[in-house]
Structures are given as structure tokens and as C-alpha cells.
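Subject: Handover of a structure for your study

Dear colleague,

Please find the sequence and the structure below. My notes on what was found follow directly after them.

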Amino acid sequence: MKKLAIVALATAALALSACGGSSEGGSSDGTVRIGVVGPETGPAPQYYTDLIRPAELAVAQLAEKYDLKVELVEVDDQGTPDGASRAVQKLLNEENVDAILGPPLSGNALQVADVIQRTGRPWLSPAIAPEIMDESLEQNWLFRTNYNSADLSEVVASLLFADDAKVGVVHSADAYGQSGVDSVKAEAKKLGKTVAAVEAIQPGATDFSAGISRLKAAGVDSVFLAITAGADTSTVTKTIAQQGLKPKRVVTNATIMADFAELADPGQWENLVFVDPRDLVGENLATIAKDYQAKFDEAPILPTNVYSVMAAIDAYLAGVAEAGDAGDYDAVRKAMEGIASVSVGADTIDAPFAAGDHELYEAEDPSAWNVFGFNDKGDLEMRGNLEECLSGTC
Amino acid sequence: MDAIVSGLVLGGLYALVAQGFVLTYVTSRTINFASGEFLAIGAFVALGVGSWSWLPTPGKVAVGVVAAGIIGAIAYRLLVVPFARSEHDSRWLLSTVGLSYVLLNLLTHAEGANPQKLPFARAEGTTSLLGVAVNKQQLWIALVAVLVTVALVLGSRFTSAGVLMRATAEDPQAVSLMGVSPRRVGVMAYALASAIAGLAGILWAAEVGATPGLGVHILVSAFAVGVIGGLTSFWGPLVGGALFAVVVQVGSYQVGALWGQVFGLLLVIVVLVIRPEGLLGRRMEAKL
């Protein structure tokens, strides 16, 4: 009986430490420990690469600025929700990290959202599923440094439905794709429009002729792509060209930068544009890419994720410096809500967060979103801002 | 009509990969579950010699094919033979699945996860087949699948190596008593099967880029094709490939792109219930 009681007490103690609720912790030597969780293995390891590398780059640049000793603790989530759950439990319970960066894949982020929120650690996320953010929480630990897909849909809806176009959506059969199609449908409803056809593509699909044929049969002439991998986007745009579907426009987001131009032919990006709030062709991102290349001997795969991660690290370390103790989680969270600005290279974003607003980007102003496409050589080019494009001047 | 034509063309890729299953199954009653990674090996080796400007495209393709074949033969000797010692020894199943994971991780660490364009062995654009626009590279792969099938059928009938393969398939003990090692025949079959997988990998990578996971998405469909057509007939993969891919495409066109694969796998279940040995196969003792 006594043994049973000891076991029960030990189990209860373990459960309490796992469920958290404590707002203090951290390492004894003052090192700030950031847990980094992403798909090092699995179907989309590029999202891990451009999570850990920019984190290392940012820490190397910012630790001195904020006079902090920072350690990154990496755990592989294997690209699955189960794996993400195990990885986050490990970071929280075994590694006792002060903050969590990732997972970058929306489905995995959704899986761990409750655990991190209940445990109460600053959570830095570039994942774009709107569902992971609940700003009604009294203590919201999530700070998103990427846009969310609802905001993206809000800004691209005007472009998609322009000229009374019949809109079709192709999405990848994962949480990211589903989130994208749900957001576009919601925006269509707000505009009093409907989405004419929705087709899903399995990651790595060998053929998508059926999907495009169905869009064609539905009379679609404006297409939104919510696809996780640029290689799958290439499969879809190739089939669009092959099937003779000639949409007025194909709109997507910056995930297309991973591999698309490498694999696609010029005919595939003729009417294709994507929208992003960052200046992806400017001097600042070019400098960041140069630093990245110098450190890792490769160009960034997902420059927008690099940008988001660097913003997240800057915001968090600024919060820690302000709070004075990475282990005082609540103080760090409040400090992050009040920081004056976030820097990414030479870019500065003023008043990034506030109590009740943990999103770095907002959808309200179309002129703050840029429209990009590819030129004849496959190089990225900015066509103008969304407002200009909607008025036909880009 | 679109669904049928595109299905027939797409089925060629699956049939080509499934030929490897037939080769290893008839000679050793084993299947290489790491076949998907041999697609990637062929593609990456070909990519590696892509910069050798003195070597013409067929030579680059041949290097990738031979490399995949050699690695396949070694894999058989080291990872299949020791784990397939009797008719009831099925540890080879685990060792080939394990090999699949090892190769996938090795390739990912060596080459990265991102697709790399293979700048040769590609027929660009589309062409019209029975009034339907089809991808030229997919059509090319389908033609290669037919050529490989015909070569295997003729080779198994009219060459000494082919006769040995057929004899081993019929009665490995009798072959052994005649002084021929069934293991040597198995090495030959694994080498040929892996070489065919390498060829499929090169041709497919020319279309979609070389990635470590190149074969992962094809493997399930190829296995389904092998089961439908029968793992003991060289004509089986062609018939299975055509049926499976047409059913997948008709399902995708009629119901939705995600549903096609479901219909295809339902067809596998139907075949397994009605004719477990496959449409063109014949019953054989398996080591499972």
C-alpha cells in the first residue's frame, strides 16, 4: 500500500510537471534555452532547415545585442502531429526550455497548441493556420511572426474574384491546404461570392489531370493554390498548361518559392502571382540571404520563413532582455507584448504586438501587401502592391 | 476518354517499377521494399554524372541504371539472403523495409530534401494521343515499360540467364542439384530489378526533379499494380498498371482527385478476393 502511495505521488508529481502552469523556470546559469521543433525528417524537411538555420543566424547576431547567452535545443517532430506532440513534451518536460520555436507545419502546430498554451511558455510560430491563435485567452503565449492564412485569403480574395471571375481552389491534402481553402471560402462568403470548385492534391502526386479537368468543367478562370510544396505547385501548373485551362490569374503565396522556379518551365508561371507583406526582392532580404549563404554554403529555401524566424528570435530576446529573466515566463510574455519594435536585418516593424494582438501582420491595408511573379528567366520580380494591382496599374 | 488515355499512360510508370517486384518474386520469393529508394539512387547517380559533358545522355542514364543494379545486388546478398534461409523465414521483409529507411535518410543527408532538376532524358511538353493531351515524358515512360516488358519476356525464353530464372522459379532445389546456385540467380534478379527501378527513377526525375522521396509516392501504386497483374507474370504489371491507373483516373475525374487512389486500392482488394494470385499470375508458395 505504501509502495502504491509512493508510485501515485510520483505519478502525480510527473503529471503536474508535464501539465505545467508554472510561470518560472529556466537554467541556473542564466542561459536562455529556446526549444526548436520542426520536421528534420519526414516529407517536408525544408521547413526544418529554414527554421533551425535562421534561428542560428539570428542568435549569432542578436545574443550580443541583448547581452544574453542563448542555447538552441533541437528536436525532430518527423513531420507528423504525433511526432510534434512527443517533441514538444520532451522540450517542456525533459529539456525545460524557456520558449518554443515551431513547429512550422500548420497541422503539427495545431496538435501542440493546447499543450503549450496550458503549460505557459512563450511560443514563437511561423505556422500560418489561423486556428492555432486564440487571442481571447487571458494569457496567450503564442506570438506569430508570419501572416495567417485568413489574412492572406482576405487580401487575395479581392484579386481572385476581380472581374467577376469564377474561382477554383487547389489545395494540398494537409492541414495547411485545408486551412487555406477554408479561409478562401469564408472570404468568398463575406463578398457574397462562391468558390466554383475545390480540388485537393496529395503531396508528391504523380498526376493531377483529373483535378484540372474538373476545374475546367466548372468553368474556373481564376485559381488559388494553397499548396505546401513548390514541387506540387509545379505539378499543378504544368497540368494547367497541359490541359489548356487558361485562367486569367493563378494566385498563391510564398511557399511557391521552395523549388517551383527550379522545376517549372516559363509557360507555367505566365499568369501566376503570389502575395506577401514582405519585400522579397529588396536589399534587406538579399543581405540576409548573403549572410545565410556565407554561414551555411547554400541559399535559403524559404526566404519568408527565414524572415519570420529571425523576427521571432528578435522579439523574444528583446522580451527576455526587458524582463531580465528568461525563466520568468509571464514577465517575458508581457514584455514581448510591449516591445517597441522588431528588427529583421535592416527592416524594423514598429509596435509589433500588444495585449490581445499577437499577430505581426494584419490584413487591413492592401497597399501593405506586395504582389510578386517570375520573369522570363524564372527570377522573382515585384509587380507592385496589391492596391496598385487591383486598380490595374501593376 | 481523357481519364482512360491518361490512365493508360500513367500506368506505364507503375508497371515499370512493378516489373522489379515480379523479377525478385519469381526467382527468390522475396520483394525489395526499398525499391522506392532505388528510383532515387538511379536519379541521383545520373544527376551526379550530369556535368560530364563528354558523356552523351544515354551514357549518363546507363551509369545511373548500372549503379542502382550493383547496389541492388549487394543489398540482396547482405540483406535478403541471410534473412530468407527457409520457406518460412520472412525476416527479409523487415530488412528491406529497414534498408528503405536507411537509404532515405542517407540520401536526405547527402543530397538534401529539395528537388533537383535533372537536365536531360526529358521529353518536354505535351502531345496528342487519341485526341487527348498527354505529357510527353509520361508517354515516353509508358513506352519504355512496354519495351522492358517485351525484353524480359523474350529474355526469359531465349537466353540462358532467362532460362535459369524460369527454372529457379519452377524448382530452386532442382536447379541447385544441377550445380547452379539459386542465390546467384537471385543476385542477378535483384540487380536487374534495381536497375529497372533506377531507370524508372531517372526518367521520372527528369519530369519532377530528383528527391530522396522520389519513389515513396510511387511504391504503393506499383505494389498495387503488381498484385493486380500478378507477381509471377512479366505481362502482369502492364495489365495491372493499365487497369489500376485507369480506375484511379476515372475515379479522380468523376468523384475528385483524392478519391482516385481509393478506387484503385479497392480494385486491389477485389482482385485479392477473387484471384489472389493476380489476373495473370499463377499460384506459388511464398515465404511469408
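**A covered strand in chain A**

Strand E6(A) is covered on both faces: Val167(A), Val169(A) and His171(A) on one side, and Gly168(A), Val170(A) and Ser172(A) on the other, are all buried. A residue is called buried if 20 or more other C-beta atoms lie within 10 Å of its own, exposed if 12 or fewer, and partly exposed in between, with C-beta atoms placed from the backbone. Strands (E, at least two residues) and helices (H or I, at least four) are DSSP runs, numbered from the N terminus.

This is a predicted model, in which local features need pLDDT of at least 70 and side-chain atom pairs count only at pLDDT 80 or more, while totals for chains, interfaces and linings use all residues. Residues are numbered from 1 along each chain as its sequence is written, and chains are lettered from A and ligands numbered from 1 in the order in which they are written.

Which strands does E6(A) pair with in the parallel sense? One is strand E8 (residues 222-226) of chain A, over 5 bridges; another is E7(A), over 6 bridges. Two strands count as paired if DSSP finds at least two bridges between them. Val169(A) has Phe224(A) as its bridge partner in E8(A), and Gly168(A) stands opposite Ala197(A) in E7(A).

**The five-stranded sheet**

Chain A also has an open sheet of 5 strands with parallel pairing, in the order E2-E1-E3-E4-E5. Strand E2 (70-76) and strand E5 (142-144) of chain A are at the edges with a single partner strand each, so one side of each has no neighbour in the sheet. From one strand to the next, the twist averages 25°. Strand E1 (residues 32-38) of chain A is joined to E2(A) by 7 bridges, and Ile34(A) stands opposite Leu72(A) in E2(A).

**Backbone details in chain A**

Most residues other than glycine have a negative phi, and most peptide bonds are trans. The bond from Gly102(A) to Pro103(A), however, is cis, with omega near -5°; Pro103(A) is in the loop between E3 and helix H4 (106-119) of chain A.

Gln78(A) is not a glycine, yet its phi is positive, about 60°. Its place is in the loop between E2 and helix H3 (81-94) of chain A. Is Gln78(A) buried or exposed? Gln78(A) counts as buried because it has 20 C-beta neighbours inside 10 Å.

Asp297(A), also not a glycine, has a positive phi of about 65°. Asp297(A) has 7 C-beta neighbours inside 10 Å and therefore counts as exposed.

**Chain B and the contact**

Helix H8 (residues 182-208) of chain B has 27 residues and reaches 38 Å from its first C-alpha to its last, close to the 39 Å expected; the expected span is 1.5 Å times one less than the number of residues. Of the 27 residues of H8(B), 24 are buried, so the helix is largely enclosed by the rest of the structure. Gly209(B), with a positive phi near 95°, follows H8(B).

The contact between the chains takes 26 residues from chain A and 27 residues from chain B, where two residues are in contact if their C-beta atoms, placed from the backbone, lie within 7 Å.

Yours sincerely

How values were computed. Axes fitted to C-alpha atoms, helices over the stretch in contact; angles between N-to-C directions.
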